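Please keep the structure open as you read.

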Amino acid sequence: MSIVEMLQFILTLLYIQRVSVVVGFPSGPPTKACASMSPHEGHRKSLVTRQSYPRVPFSLLVNNRTYVPGQHIQVILTGDINFKGFFVQARSMEGDSGVPLGRFINPHVGSKVMSCSLSPTAANAWSHMDKYHKSDTTATWVAPPSNEGNIFFRATVVKEKSIYWENIFSDIVHYTGPIYQPTEPPELEPKNVPCTGGPRLAASITTSMMRVIVALVLIILMF
């Protein structure tokens, strides 16, 4: 191999490495990142510092701060700078177990819904699906059919392979739907039911018999 060919080979490797650094996971995060929502394989440790970025340049917004079962809430991820990758889930305020809640529909162009549970159609997470720059994106979250308490949305946003932000939170969305409380059957109070028998019935029978006896006596005397 000549020196020129060797240089071309080295430049090709450097180009491939640069592309991999920028792209990371262009089609979305792997399912192994569902619980932690943290970039693992394919991403170096984030180079974000307070000096380079004094504040988080992204916001995770919702169009409603309360929900009831089945309600639709618009979720918007927007930034002061462009980004390439992101990962969003809804989590419970009642002790975050790492299990995403509800499901996402209507993802914006360049994004997709994905499953972070055993069901392949759960659609309980939302992420990018290409490597192109984005300034904002949106999707609709559908609340679960049961009471999951107060929830929040959590995001990880990637600008480049080694420049990303974790634990970006939305405002708390409060549950205001019906709360099921098991009830015991009401106690029945005894009612005073008038008695239809007893002394009154006996007196009535005695009076009727006396009338019959008197009538018989009168008939006998007539003859």
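The report below takes the nonpolar cores and then the salt bridges.

This is a predicted model. Its largest nonpolar core has 26 residues, and Trp 141 and Phe 153 have the most contacts inside it. Six strands each supply at least two residues of this core: E1 (58–62), E3 (72–83), E4 (85–92), E8 (134–142), E9 (151–160) and E10 (163–169). A separate core of seven residues also exists, with Cys 34, Met 37, Phe 87 and Cys 116 among its members.

Phe 153 deserves a look of its own. Leaving aside residues up to four places away in sequence, Phe 153 touches, among others, Leu 60, Val 62, Val 75, Val 88, Phe 104, Trp 141 and Ile 168. Gln 89 and Ser 170 are also among the residues it touches.

Now to the charges. The model has four salt bridges, including these:

| Pair | N to O distance |
|---|---|
| Asp 80 and Arg 55 | 2.4 Å |
| Lys 84 and Glu 160 | 3.9 Å |
| Lys 134 and Asp 130 | 2.9 Å |

Asp 80 sits in strand E3 and Arg 55 in the loop between helix H1 (3–23) and E1, so their pairing ties together parts 25 residues apart in sequence. Asp 80 is exposed, at 53% relative accessible area, and Arg 55 is exposed too, at 55%.

Lys 84, in the loop between E3 and E4, pairs with Glu 160 of strand E9, linking parts of the chain 76 residues apart. Is Lys 84 buried or exposed? Lys 84 is buried, with a relative accessible area of 12%. Lys 134 is buried as well, at 8%.

Methods. Residues are numbered from 1 along each chain as its sequence is written. This is a predicted model: local features need pLDDT of at least 70, side-chain atom pairs count only at pLDDT 80 or more; totals for chains, interfaces and linings use all residues. Side-chain values use heavy atoms; hydrogens and water are left out. A nonpolar core is a set of buried Ala, Val, Leu, Ile, Met, Phe, Trp, Tyr and Cys residues joined through side-chain atoms within 4.5 Å. Buried means under 20% relative accessible area, exposed over 50%, partly exposed in between (1.4 Å probe, protein chains only). Helices (H or I, at least four residues) and strands (E, at least two) are DSSP runs, numbered from the N terminus. Contact means heavy atoms within 4.5 Å. A salt bridge is a side-chain nitrogen of Lys or Arg within 4 Å of a carboxyl oxygen of Asp or Glu.
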